[in-house]
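Biologist: I am new to this structure. Please take me through it feature by feature.

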Amino acid sequence: MSNQLKLDEKRRKAITQCSRCGFCRAVCPIFDLTKRPITNARGKMILLKEVMEGKLPVTEGVAQALLRCTTCMNCTVNCPSGVDPQEIFKAARKDLVGMGFDNLFKKMGEVIEKYGNIYGEEERHDWGHKKSRAPYVLFVGCVGTFREEESVEETIRLLDLSKVDFTMIDEVCCSGVMEDVGYSIKGELAQRNVQALQKTGAKTLITTCPYCYRVFKEHPSYKDLGMEIKHITQFLKDFDFGVKTNKKVTYHDPCDLGRHAGIYDEPREIIRKIAPNFVEPRRTRENAMCCGSGGGLRGSFPEDSIEISRSRLSQIIEETGAEILLTECPSCLHNFQNAKLRKQKIEIYNITEFIAKLIQEQQKKEAA
Ligand code: SF4
Ligand code: SF4
């Protein structure tokens, strides 16, 4: 077994390019919480440099430090040296696993292989939307399917109310998350998804989860899918839903949808149509603060994850005074719902879920 990080030349060069300016400190959600220098990108880059130069041994402490990152990319967009720290941390996590520093995600990989989802759930809700063929196919992902079912139900209702001809498949986990936590995508599961999706004859795959969206778009295991891939906000941006709310509404950019996928405008185009009282938080778009759920943090450091979410939620409430917080990511939604305190009156929904509710309210009024 090797006792050194393998990190390729490009990444080694990037580590030496870090000028230690510390701009990343101000935007790192983990540093914001812990105030420990080792937790922000600067600290981890210094750690990696020391390891690379043989000044520090590779220890469990190094492995744990590198796991403490949500891969939110907020450091990346604020780095004057043009370094992408989270990409280097993900590569280093793989090296560490290769060196024998297995982490708890090894178990998650086994669970995914056995049950086809990250939670080890044996039964999957049947959304009743299986057609042999349809022009569109909807992929929900593990978090929505098993932890935010009510929200998914409303999203499906919205597609139905909007007369979208879509089908769904017997999904298994896209398993892209394994790549971020030191392991590799589950090729056999990816193949199962690819075959099931292709069998529908759909020309467009619609995902509700921004992370699944990225995996379908970016990972070579899905390169032969042969269909257009759209996040649901891209798909619905030109729809006219015919409903409005007068409530004060705000929006949280999910890191996977915003900084990672560059989708900032489509959710806003949809929200502006339904909410004239739309207000942005101070940290928004490429500077939006992470909800704390990504990069495996929710699994490896659950308390940090929920505290970050609590901090982001308080920030949004204080800055905007909004009554409704919208996002379009099952992981952000789930973390915020878990973090919300009883005294906080803000309601939190995915955009699609919220619109489906508005339509149903209007239908009830019209029927009364
Ligand atoms: S902002 Fe970039 S260059 Fe500056 S300390 Fe952070 S990673 Fe290094
Ligand atoms: S990716 Fe996010 S959590 Fe990770 S070091 Fe950068 S700012 Fe911090």
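Biologist: How many residues of domain 1 are in contact with residues of domain 2?

Modeller: A word on conventions before that. This is a predicted model, where local features need pLDDT of at least 70, side-chain atom pairs count only at pLDDT 80 or more, and totals for chains, interfaces and linings use all residues. Residues are numbered from 1 along each chain as its sequence is written, while chains are lettered from A and ligands numbered from 1 in the order in which they are written. Two residues are in contact if their C-beta atoms, placed from the backbone, lie within 7 Å. Here 6 residues of domain 1 touch 4 residues of domain 2. On the domain 1 side, 2 are nonpolar, 1 is polar and 3 are charged. Nonpolar means Ala, Val, Leu, Ile, Met, Phe, Trp, Tyr, Cys and Pro; charged means Asp, Glu, Lys and Arg; the others, Gly among them, are polar.

Biologist: Where are the domains?

Modeller: Domain bounds come from an automatic or database domain assignment. Domain 1 spans 9-98, domain 2 spans 136-236 and domain 3 spans 249-367. The C-alpha centres of domain 1 and domain 2 are 31 Å apart.

Biologist: Which residues come nearest to ligand 2?

Modeller: A residue is near a molecule if its C-beta atom, placed from the backbone, lies within 6 Å of it. Ligand 2 has 17 residues around it, and Cys28, Cys69, Cys72, Cys75 and Gln86 come nearest. The shell holds 12 nonpolar residues, 5 polar and no charged. At least two residues each come from α2 (29-34), α5 (74-77) and α6 (85-98). Such helices are DSSP runs of H or I, at least four residues long; strands are runs of E, at least two; both are numbered from the N terminus.

Biologist: And which residues are closest to ligand 1?

Modeller: Cys18, Cys21, Cys24, Arg42 and Cys79, out of 15 that surround ligand 1. That shell has 10 nonpolar, 3 polar and 2 charged residues. Helix α3 (41-52) gives the largest share, 3 residues.

Biologist: Which strands does β1 join?

Modeller: Two strands pair if DSSP finds at least two bridges between them. β1 runs parallel to β2 (166-168), with 3 bridges. β1 also runs parallel to β3, with 4 bridges. Take leucine 138: its bridge partner in β2 is methionine 168, and in β3 it is isoleucine 206.

Biologist: Are the residues of β1 buried or exposed?

Modeller: A residue is buried with 20 or more other C-beta atoms within 10 Å of its own, exposed with 12 or fewer, and partly exposed in between; C-beta atoms are placed from the backbone. In β1, Tyr136 and Leu138 on one side and Val137 and Phe139 on the other are all buried.

Biologist: Which residues touch the most other members of the largest nonpolar core?

Modeller: A nonpolar core is a set of buried Ala, Val, Leu, Ile, Met, Phe, Trp, Tyr and Cys residues joined through C-beta atoms within 7 Å. The largest has 75 residues, and Val137, Leu138, Cys212, Ile271, Leu326 and Phe336 touch the most other members. Helix α12 gives this core the most, 5 residues. Domain 2 and domain 3 each provide at least three. Another core lies apart, with 25 residues, including Ile15 and Leu96.

Biologist: What covers the buried residues of α12?

Modeller: The cover includes β1 (136-139), β3 (204-207), β4 (228-231) and α17 (330-339). Among the buried residues of α12 (210-218) are Tyr211, Cys212 and Phe216.
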